[in-house]
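Let's take a walk through this structure together. Have the sequence and the 3D view open as you read.

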Amino acid sequence: MSFLNFLISGISLGSIYAIIALGYTMVYGIAKMLNFAHGDVIMVGAYICFYAVFSFELPPIVGILMAIAVCTVLGIVIEKLAYKPLRSAPSLAVLITAIGVSYFLQNAAQLLWTSSPKVFPRFFNFGGQASVSFFGGQLSVSWTTIITIITCIIIMLALTWFTGKTKRGKAMRACSEDKGAAQLMGINVDATISMTFAIGSGLAAIAGVLLCSAYPTLVPTTGSMPGIKAFTAAVFGGIGSIPGALLGGLLLGIIEIMAKAYISTQLSDAIVFAVLIIVLLVKPAGLLGKRVNEKV
Amino acid sequence: MKKKIIAMLLCVAMLLCVTACGGESSSSDDASDSSSSTEDSGTSSGEGGDTAAAFKIGGTGPLTGSTSIYGIAAQNGAQIAVDEINALGGIQFELRYEDDTNDPEKAVNAYNAVKDWGMQISLGSVTSKPGEATSILNYEDRIFALTPSASSVATVEGKDNVFQMCFTDPNQGMASAQYIAEQDMATKIAIIWKNDDVYSKGIHDTFVEEANERGLEIVSDTTFADGNATDFSVQLADAQSNGADLIFLPMYYEPASLILTQANAMGYTPKFFGVDGMDGILTMPGFDASLAEGVMLLTPFNADADDEKTQAFVEKYEELYGETPNQFAADAYDCIYAIYQALEAAECTPDMSNEELCDALIEQFTTMTFEGLTGDGEGITWDEDGLVSKNPKGMVIEDGVYVGLD
């Protein structure tokens with residue numbers, strides 16, 4: 001039974017990584033850039049929701065919607081101010097800018113909301129219970145975990161449908177393949193990339209709320225470490241691949257918890273990254289990533 | 001052209017940010033300056049124009065960042081003591097704190113900033129990692145340091161002019177194990193500690209040693225680090241399955257709050273025993289204090305103590321800063337008074353160089369006995385290594401406030 005308990009802990013941690021990784025992978029898949037500020041947009045979303053619910057006593061759903069709205073706008077503004085001027089710059093310059101934006105957001109949050117930790121309220125209680133029990137209480141799964149996984153799957157399906165079937169989604173894929181050719185075909189590349197960031201940041205807000213519901217301490221650096229782990233998860237699953245992000249996130253969470261439980265709490269991170277290295281050696285594009293042959 | 005404009009705008013935005021940050025700290029400096037200067041003028045008129053220069057005391061601490069609760073508390077506590085002493089006339093102090101965000105590199109910059117300002121006596125750093133970095137500079141520059149709360153041994157080791165007001169980490173580990181054994185609290189103990197933090201490791205190591213000597217059984221010994229400080233289900237499950245009836249938490253309050261929350265969600269209710277880093281958990285916005293019900297900790301300071309000094313300090317602190325002072329505030333307050341006592345005894349004057357002050361203070365600190373808010377009635381003494389000797393107090397959280405265990 002303890003194995004099942006650890007598995008559930010792993011899934012709940014992994015589902016958090018997965019939902020963050022979805023945002024990473026989507027922006028990477030379309031704009032071909034690593035948005036290292038993603039983790040910090042998550043933090044901003046969590047703060048907005050915290051203040052809406054804790055200070056203004058709005059219902060949680062309003063808080064979540066506000067967080068999504070603010071993060072979407074923030075994503076567009078960041079893209080317009082920081083990334084758009086570098087559209088034709090080498091990708092290294094964009095990467096450094098993203099790290100800069102990440103620090104900027106962290107420090108701005110520190111000024112705005114101070115650094116003393118906040119404790120995020122518990123949203124997901126149904127019938128007064130924070131979790132559901134099975135087998136007479138030997139196994140318990142928290143509602144936050146269940147909701148996170150359901151949200152992950154919904155987002156994954158919606159994104160797959162959106163990029164595969166809709167006109168705007170097709171425009172996005174066209175931009176990701178070849179910006180120049182897409183422009184010649186009459187696609188507004190700038191607007192499409194802005195939209196990608198808007199969606200990615202909106203997802204970040206949802207991830208922020210779920211992250212802080214599961215692990216309720218909120219500080220200006222809350223997003224950075226899960227952000228890096230989620231980035232790892234996205235690479236693990238195959239960066240750019242939407243189902244890959246979900247799979248990578250879940251696996252990363254499960255490996256981390258299992259390594260802690262059965263090998264060593266001291267070495268768990270080392271083991272996680274060792275697994276990542278092995279996977280990348282065997283499958284350089286990640287688990288579900290497609291190897292794209294560059295035509296010369 | 002458009003790009004240039006945007007680049008310009010970005011530069012302006014960055015500059016604004018920088019000045020905004022700077023503006024805030026300078027405004028707080030202004031506030032403290034003006035408060036001390038008003039008192040200066042008040043005393044000078046009272047004393048008949050004795051405008052002796054002030055001793056410049058500097059320190060670094062996390063005024064922002066995840067451990068800012070300690071830095072701000074220490075700054076506030078020290079400021080209260082400085083204001084009280086300045087109001088007495090006689091020796092005058094000027095206090096300046098710089099932010100180190102609990103980062104050793106920033107601490108060095110912060111230290112240099114206060115040194116350039118003209119610091120003659122130092123309050124070291126508030127937390128251990130930065131404390132180890134700045135104490136080396138204190139030693140090299142021959143600036144006497146008395147840190148309120150940087151508790152690692154490496155902070156004072158091999159430096160004759162760096163002293164501690166708090167217990168050292170090994171001391172805390174040992175005292176905790178002794179306390180648990182003497183009060184017969186538990187026989188099976190689990191420890192969860194942070195293995196990338198000198199503070200946590202220092203306490204853990206001596207705790208284990210002492211616990212073994214006293215026949216306490218450590219059934220579970222698990223760790224976490226900065227990178228995985230969110231999920232503690234495995235560590236808690238390990239403690240639970242090994243039948244631990246007490247979990248020892250040598251860590252700061254932020255991960256501790258997550259551990260308490262997750263243990264509660266698991267329905268696991270052992271006793272929890274913390275150290276001084278646990279102090280602050282009750283003042284986290286949004287924290288459900290019922291989770292911390294029954295959590296015990298050893299701390300040198302009890303805000304509920306009924307002696308006159310403590311009550312006056314608590315009252316003043318609550319009036320000025322709107323919250324109950326923790327032990328960091330009390331330690332910093334004691335630091336200023338200990339320095340005051342030593343300066344008076346050695347008849348130092350503010351025009352002395354930092355080397356002269358350093359020698360005079362070392363001599364005083366290794367011989368004097370100080371009575372402050374922290375420790376018990378037996379007074380506080382220091383040995384030649386700068387280690388403090390005082391007795392800790394056991395506290396337990398009941399109904400959201402600290403209550404003395406004895």
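Which residues in H3(A) meet which residues in H4(A)? On the H3(A) side they are Ile78(A), Ala82(A) and Tyr83(A), and their partners in H4(A) are Val94(A), Thr97(A) and Val101(A). Sort the residues of this contact by type and you get 5 nonpolar, 1 polar and no charged. Keep in mind that you're looking at a predicted model.

Now step back to the two helices themselves. Two packed helices are described by the angle between their axes and the distance between the axes. Here, helix H3 of chain A covers residues 60–83 and helix H4 of chain A covers residues 91–113. Their axes come within 11 Å and cross at roughly 130°. An angle over 145 degrees would count as roughly antiparallel, and 65 to 115 as roughly perpendicular, so H3(A) and H4(A) are oblique to each other. As for handedness, the crossing of H3(A) and H4(A) is right-handed.

Further along chain A comes helix H5, residues 143–165. With 23 residues at 1.5 Å a residue, H5 of chain A should span 33 Å, and its end C-alpha atoms are 32 Å apart, so the two values agree. The buried residues of H5(A) are Thr144(A), Thr145(A), Thr148(A), Ile149(A), Cys152(A), Ile155(A), Leu159(A) and Thr163(A). What covers them? The cover includes helices H1 (2–31), H6 (167–177), H8 (189–214) and H10 (242–263) of chain A, along with strand E3 (139–142) of chain A.

Finally, hop over to chain B, which has 12 helices and 14 strands. Of its 406 residues, 51% count as buried.

Note on methods. Residues are numbered from 1 along each chain as its sequence is written. Chains are lettered from A and ligands numbered from 1 in the order in which they are written. This is a predicted model: local features need pLDDT of at least 70, side-chain atom pairs count only at pLDDT 80 or more; totals for chains, interfaces and linings use all residues. Axes are lines fitted to C-alpha atoms, for helices over the stretch in contact, and angles run from 0 to 180 degrees between N-to-C directions. Helices (H or I, at least four residues) and strands (E, at least two) are DSSP runs, numbered from the N terminus. Angles under 35 degrees count as roughly parallel, over 145 as roughly antiparallel, 65 to 115 as roughly perpendicular and the rest as oblique. A crossing is left-handed if the near helix is turned anticlockwise from the far one by less than a right angle, and right-handed if clockwise. Two residues are in contact if their C-beta atoms, placed from the backbone, lie within 7 Å. Ala, Val, Leu, Ile, Met, Phe, Trp, Tyr, Cys and Pro count as nonpolar, Asp, Glu, Lys and Arg as charged, and the others, Gly among them, as polar. The expected span of a helix is 1.5 Å times one less than its number of residues. A residue is buried if 20 or more other C-beta atoms lie within 10 Å of its own, exposed if 12 or fewer, and partly exposed in between; C-beta atoms are placed from the backbone.
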